[in-house]
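Hello,

Have a look at it first, and then read on for what turned up.

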Amino acid sequence: MSDATLPRHDAAAAPAPAAKPQSARSVVGESPIIQAALITVSLAFLLLFLLLPLITVFVEAGARGWSGYREAITEPDAVSAIRLTLLVAAIAVPFNVVVGVAAAWAIAKFEFRGKNLLISLIDLPFSVSPVISGLVYVLLFGAQGYLGPFLRANGIEIIFALPGLVLATIFVTFPFVARELIPHMQAIGSTDEEAALTLGASPWRVFFSITLPNVKWSLFYGVLLCNARAMGEFGAVAVVSGKIRGLTNTMPLHVEILYNEYMSAAAFAVASLLAGLALVTLALKALLEWRYGDAIAASRRH
Amino acid sequence: MAGRAAAPSAWRRPSVLPGLGLSLGITLTALSLVVLIPLAALFIKAASAGPAEIWAIATSPRTLAALRLSFLGALFAACINAAFGLILAWVLVRYDFPGRRLIDAAVDLPFALPTAVAGIALAAIYAPNGWVGALLAPLDIKVAYTPLGVMVALIFIGLPFVVRMVQPVLEEAQGDIEEAAALLGASRLRTIFQVILPPVLPALLTGFVLAFARAVGEYGSVIFIAGNIPMLSEIAPLLIVIKLEQFDYAGAAVIATLMLLLSFALILLVNLIQARARRRLGDV
């Protein structure tokens, strides 16, 4: 939330601790001691649960020095894990963008029966355990799955192969784009599009030169979150991957394997790349909220 | 919101905009292929086990212990998150202190940090020789490799939900009524609990439910710190993975179905409570 735009009545201007705002604050506001106590409690909680883990990743990653770090992230298995993670995200994210935009268009621009049910169904993957998201595909496409015999007869591999990883990733990231776009599109309304259509623009032109530019920042926001989850997904991917080194091992799975083999420094080195990705995601997210807070405020409201 | 203006038989309200057929077609096709049909396969697989076997799997002590840990742990973590999340949102919205913007951005870390990374980091910190674990060891408190470790991981991944739900409502709640209450003689505590917080309650509850739903199914951040001792610190999603690795597909499907049904029932229950509260208090 871009706090610069928020009216704050305790905005005691930094240079002069004037007496005037003081009296205004005394009516509504806590005593400085309570404020300090609450701030301390919050910061301690955050330090313990959020910041220490983040710092640990980088400290442990550097435990064996720069050369050990470089070795851990450039050995062939690590490189193929990085490549696979990028590939999976490069397929899953665009897929979810297309579906998310289509879903947002249908839901935000039209009134039809069953709309609330549709929204709930799109949100469904959020309340399904990642492990279950992987399990459903094993039950469907695995060797003993419902379609297993058919797939084997035709030489198609889904489980323990790239398609399974992509499917599981799409499942867990399914709601992200639609969820950011729907409230924003609803808030903007359709008068612009209706005007353009009346003036003779083709439907696709209306979409690409009016709708898409209007929602581009919330779309980017959704893509950002979708990508972070796609690259970092662990549970769903672990179930369908089979963890074949160099073949179906994504970065998070590689981290797990290294960690379980007591190669802690190497595990944290690969983990630090993912943590770096998380930091970039957070920075971009904060930048978006600060710069285009008004545009995406609608989507934060739900 | 639903199309009230349309004739009762029409399933949609007429619109000049094009593309409902195409966009709805893409959405429904993708939703069916990726989400609905695979989930249906899960339910069919679970049902195909037959009542006796379902009952045997569902009531086996190991299943019950895992489900109890996942659900009670998630409930406990969501309670902690509701309390600290509310304080955190309050501090972020109302107070000014150096680094507030940075802290605000950092709250989203659990959304962005891959769960496996969070898992190994938390395990390293709370292990007996870790930064925090070493401080707790003399007090004879063990966190990592115990159910307490499970709670720590679940608190980590659920925290942003409460803060992000409560924050915007608290921002809106700043204003005249609060001053009015104070000027009319209400004490500060009374103003907070009777004027400021009641409108925040629905958002707090929503955040609680989201944190809970996420925590029940959480896997990646938990398995590294939990120690995964059967009957003690083994969560339900891990039990599903173990069953899968033993090629016990029916067992995995039954436990997964139980988890889904239980969490859907709980979410539905809270939504009903919330809808009722909303009706009683007027639309919030």
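Before we get to how the chains meet, one term is needed: two residues are in contact if their C-beta atoms, placed from the backbone, lie within 7 Å. Please also keep in mind that this is a predicted model.

**Where the chains meet**

How many residues does the contact take from each chain? Chain B gives 84 residues and chain A gives 87 residues. On the side of chain B that touches chain A, the largest share comes from helix 1 (residues 20-47) of chain B, with 14 residues. Sorted by class, that side of chain B holds 62 nonpolar residues, along with 11 polar and 11 charged ones.

For the complex, the predictor gives an ipTM of 0.88 and a pTM of 0.88. Chain B has a mean pLDDT of 88, with 95% of its residues at 70 or more. Do be careful with residues 1-8 of chain B, where pLDDT stays under 50. For that stretch the model has 12 contacts beyond four places in sequence.

**Chain A in brief**

Chain A has 15 helices and zero strands. Of its 302 residues, 44% are buried. Taking the contacts in chain A between residues at least 6 apart in sequence, 76% join residues at least 24 apart.

**A helix to look at in chain B**

Where does helix 8 of chain B have a kink? Look at Gly158(B), where there is a kink of about 40 degrees, shortly before the proline Pro160(B). Helix 8 of chain B is also mostly covered, with 20 of its 27 residues buried. Just after this helix, you will find Gly175(B) with a positive phi of about 155 degrees.

**One residue up close**

Leu201(B) sits in helix 11 (residues 201-217) of chain B. Why does Leu201(B) count as partly exposed? A residue is buried with 20 or more other C-beta atoms within 10 Å of its own and exposed with 12 or fewer; Leu201(B) has 16 C-beta neighbours inside 10 Å, so it counts as partly exposed. Leu201(B) and Leu86(B) are 115 residues apart along the chain, and their C-alpha atoms are separated by 10.0 Å.

Enjoy exploring it!

Best wishes

Notes. Residues numbered from 1 in each chain as written. Chains lettered and ligands numbered in written order. Predicted model: local features only at pLDDT ≥ 70, side-chain atom pairs only at ≥ 80, totals over all residues. Helix = DSSP H or I, 4+ residues; strand = E, 2+ residues; numbered from the N terminus. Bend = angle between axes of the 7 residues up to and from the residue. Nonpolar A, V, L, I, M, F, W, Y, C, P; charged D, E, K, R; others polar. pLDDT = per-residue confidence, 0-100.
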